[in-house]
Amino acid sequence: EPEETYRLITDKCIGLDEAAEYLGIKPVTLRKRIKEGKEVPAHKIGRLWKFKCSELDEWVKSEKSIIE
């Protein structure tokens, strides 16, 4: 089913560089937003940040991602 395939894709964990590319911003900008506590839906696994595309989509929709 297409919906199931979409869910698998959007729930895939991606790294910081991929997440920044997905959001259309630079990795350094994404790192800065995390450090500033901007409610970025990031999960730290060891020393690495991981992101789910579905959570990034929700974050963008919620307008918490707007740069002040």
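**Buried faces and helix packing in a predicted model**

In this predicted model, buried residues make up 26% of the 68 residues in the chain.

Me: How many helices and strands does the chain have, and in which pattern do they follow along the sequence?

Reply: The secondary structure consists of helices and strands, with 4 of the former and 3 of the latter. Read along the sequence, these elements give the pattern α-β-α-α-β-β-α.

Me: Which residues of α2 are buried, and how are they arranged around the helix?

Reply: In α2 (16–23), the buried residues are Leu16, Ala19 and Ala20. Seen down the axis of α2, these residues fall within an arc of 100°, so they line one face of the helix. An α-helix has 3.6 residues a turn, so residues three or four places apart point the same way. The arrangement in α2 is therefore one face, formed by Leu16, Ala19 and Ala20.

Me: What covers the buried residues of α2, and which exposed residues lie on the face turned away?

Reply: The cover over the buried residues of α2 includes β1 (13–15), α3, β3 and α4. The face turned away from the buried side carries exposed residues, namely Asp17 and Glu21.

Me: Which residues of α3 are buried, and which exposed residues does the face turned away carry?

Reply: Leu30, Arg33 and Ile34 are buried in α3. Seen down the helix axis, the buried residues of α3 fall within an arc of 100°, so they line one face. Their cover includes α2, β2, β3 (48–52) and α4 (53–61). On the face of α3 turned away from the buried side are the exposed residues Val28, Lys32 and Lys35.

Me: Within what arc do the buried residues of α4 fall?

Reply: The buried residues of α4 are Cys53, Leu56, Asp57 and Trp59. They line one face of the helix, because seen down the axis of α4 they fall within an arc of 160°.

Me: At what angle do the axes of α2 and α4 cross, and is the crossing left-handed or right-handed?

Reply: Two packed helices are described by the angle between their axes and the distance between the axes. The axes of α2 and α4 come within 11 Å and cross at roughly 40°. That angle makes α2 oblique to α4. The crossing of α2 and α4 is right-handed.

Me: Is Pro41 buried or exposed, and which residues does it touch?

Reply: Pro41 is found in the loop between α3 (27–35) and β2 (42–45). The relative accessible area of Pro41 is 17%, and a residue under 20% counts as buried, so Pro41 is buried. Not counting residues up to four places away in sequence, Pro41 touches Lys50, Phe51, Glu55, Leu56 and Trp59.

Me: Which residues with a positive phi follow α2, α3 and α4?

Reply: Just after α2, Gly24 has a positive phi of about 80°. After α3 comes Gly37, with a positive phi near 70°. Just after α4, a positive phi of about 70° is taken by Glu63.

Note on methods:
Residues are numbered from 1 along each chain as its sequence is written. This is a predicted model: local features need pLDDT of at least 70, side-chain atom pairs count only at pLDDT 80 or more; totals for chains, interfaces and linings use all residues. Side-chain values use heavy atoms; hydrogens and water are left out. Helices (H or I, at least four residues) and strands (E, at least two) are DSSP runs, numbered from the N terminus. Buried means under 20% relative accessible area, exposed over 50%, partly exposed in between (1.4 Å probe, protein chains only). Contact means heavy atoms within 4.5 Å. The arc is that of the directions from the helix axis to the C-beta atoms. Axes are lines fitted to C-alpha atoms, for helices over the stretch in contact, and angles run from 0 to 180 degrees between N-to-C directions. Angles under 35 degrees count as roughly parallel, over 145 as roughly antiparallel, 65 to 115 as roughly perpendicular and the rest as oblique. A crossing is left-handed if the near helix is turned anticlockwise from the far one by less than a right angle, and right-handed if clockwise.
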